[in-house]
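Please keep the sequence and the structure in view while reading.

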Amino acid sequence: MNDLSNASSVQSHCYSCKPIPSQVLYVLVPLFFTGLAVSLFILIAVHNAFFFVSLLSLSALVAAFLIWNAVNWRRNRALFYYLRSFPDSDLRLARHGQFVKITGIVSCGNISLESSYEKATRCIYTSTLLYEYRVLGSNAEMPCFRWRLAFCERFSTDFYITDSKSGIRAMVKAGSGSRVIPLIVESRLVATTRKCRFLSSHFKKWLADRNISGQARLLCLEEGYVKEGSSIAVMGMLHKDNDVVMIIQPPELLSTGCLWRKLLLPVDIDGVILGVPEMVGPMANPPSSMY
């Protein structure tokens, strides 16, 4: 069994713009202030606002592009688009060491999982996330509220997938020691609001079992899992050893490349990708209608 909880918690509290190298910001910021100084000098000396307006317009476009990529990196948008656009591979024709995408029905290996809240059995991947609406910062006069991840349970295990094209059964190494990138959408199971903060007895017991306060407050519980018999898409490196076919994590970093149609910069792939073929996209944080 592979515990992915810590990786998820780190990512949820990470505000860095990973697809944007820090060196780019170190170059762009001085260039902006230099251009601003020159354009203001021309505006004052020659009374020509063309350079000043052009600089502001260009800066706004660059800033929008960087913010777009930073927000979409946190939501794994590039990986979702990459998963959908990558063609399905045929295990009969794929070579050893080739990066492949296999779509098919999954079945459990030696170890199966059970979801934390709904107790769904015979799963190959489970994810339970608890969000809490809390105050950020220490400014008592102007408090800032937002949803934050308060608790996370996310696990994966080795499983089998039957290729829908060839019918060949392959083992997917998603268990202990493997790096896994889950693109599974969690469903919202419990959501308290300002008008209704009542917690069910089952939810209170779930909180107590994990030493989490059962005090009435704004909470949101989401859970996602992949049960045996579900259809999923897996991306990874193909490993063939005689009659044994496995999908393993890439030995080195791969890149999605620039997705120019979506204006997205490259994102690194450092593990086996698990996704659902028919999903429409990643789920955002709890919406403002719950506040």
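This is a predicted model: local features need pLDDT of at least 70, side-chain atom pairs count only at pLDDT 80 or more; totals for chains, interfaces and linings use all residues.

## Charges over aromatic rings

Lysine 262 lies over the face of tyrosine 81, at 4.8 Å from the ring centre.

## Aromatic pairs

How many aromatic pairs does the count come to? The count comes to eight aromatic pairs. Phenylalanine 50 counts as exposed, because its relative accessibility is 56%, whereas phenylalanine 51, with a relative accessible area of 44%, is partly exposed.

Another pair, phenylalanine 203 and tryptophan 206, is stacked, with centres 6.2 Å apart and an angle of 25 degrees between the planes. Both residues lie in helix α5 (residues 201–209), where they are three residues apart, about one turn of the helix. Is phenylalanine 203 buried or exposed? At 0% relative accessibility, phenylalanine 203 counts as buried, and tryptophan 206 is buried too, with a relative accessible area of 3%. Together with Tyr117 and Phe151, the residues Phe203 and Trp206 form one aromatic cluster.

## Cysteines

A disulfide is a covalent bond between the sulfur atoms of two cysteines. How many disulfides does a search of the whole structure find? The search finds zero disulfides. For cysteine 108, the nearest cysteine sulfur belongs to cysteine 123 and is 7.3 Å away. A disulfide requires sulfur atoms within 2.5 Å, so cysteine 108 is in no disulfide.

Cysteine 108 is buried, with a relative accessible area of 7%. Cysteine 258, in contrast, is partly exposed, with a relative accessible area of 33%.

## The second largest pocket

The second largest pocket has a volume of about 280 Å³. Its lining includes Leu25, Leu28, Phe32, Leu55, Leu58 and Ser59. Two elements give two or more residues to the lining of this pocket, namely α2 (22–46) and α3 (50–74). Of these, α3 gives the most, with six residues. By class, the lining has ten nonpolar residues, one polar residue and no charged residues.

Leucine 58 is one of the lining residues and is found in helix α3. Leucine 58 is exposed, because its relative accessible area is 53%. Leucine 58 and phenylalanine 32 are 26 residues apart along the chain, and their C-alpha atoms are separated by 9.8 Å. Phenylalanine 32 also belongs to the lining of the second largest pocket.

## Two asparagines with positive phi

Most residues other than glycine have a negative phi. Asparagine 211 has a positive phi of about 55 degrees although it is not a glycine. Where is asparagine 211 placed? Asparagine 211 is in the loop between α5 and β9 (219–227). With a relative accessible area of 76%, asparagine 211 is exposed.

Asparagine 242 likewise has a positive phi, near 60 degrees. Asparagine 242 is found in the loop between β10 (231–241) and β11 (244–248). Asparagine 242 is exposed, because its relative accessible area is 77%.

Methods. Residues are numbered from 1 along each chain as its sequence is written. Side-chain values use heavy atoms; hydrogens and water are left out. Buried means under 20% relative accessible area, exposed over 50%, partly exposed in between (1.4 Å probe, protein chains only). Rings of Phe, Tyr and Trp (its six-membered ring) pair if their centres lie within 6.5 Å; planes under 30 degrees apart count as stacked, over 60 as edge-to-face and the rest as tilted. Helices (H or I, at least four residues) and strands (E, at least two) are DSSP runs, numbered from the N terminus. A charge sits over a ring if NZ of Lys or CZ of Arg is within 6 Å of the ring centre and within 35 degrees of the ring normal. On a 1 Å grid over the protein atoms alone, a cavity is a set of points where a 1.4 Å probe fits but cannot get out, and a pocket is an open set with protein on both sides within 12 Å along at least five of seven lines; lining residues have an atom within 4 Å of a point. Grid points are joined across faces, edges and corners, and a volume is the space filled by probe spheres set on the points. Ala, Val, Leu, Ile, Met, Phe, Trp, Tyr, Cys and Pro count as nonpolar, Asp, Glu, Lys and Arg as charged, and the others, Gly among them, as polar.
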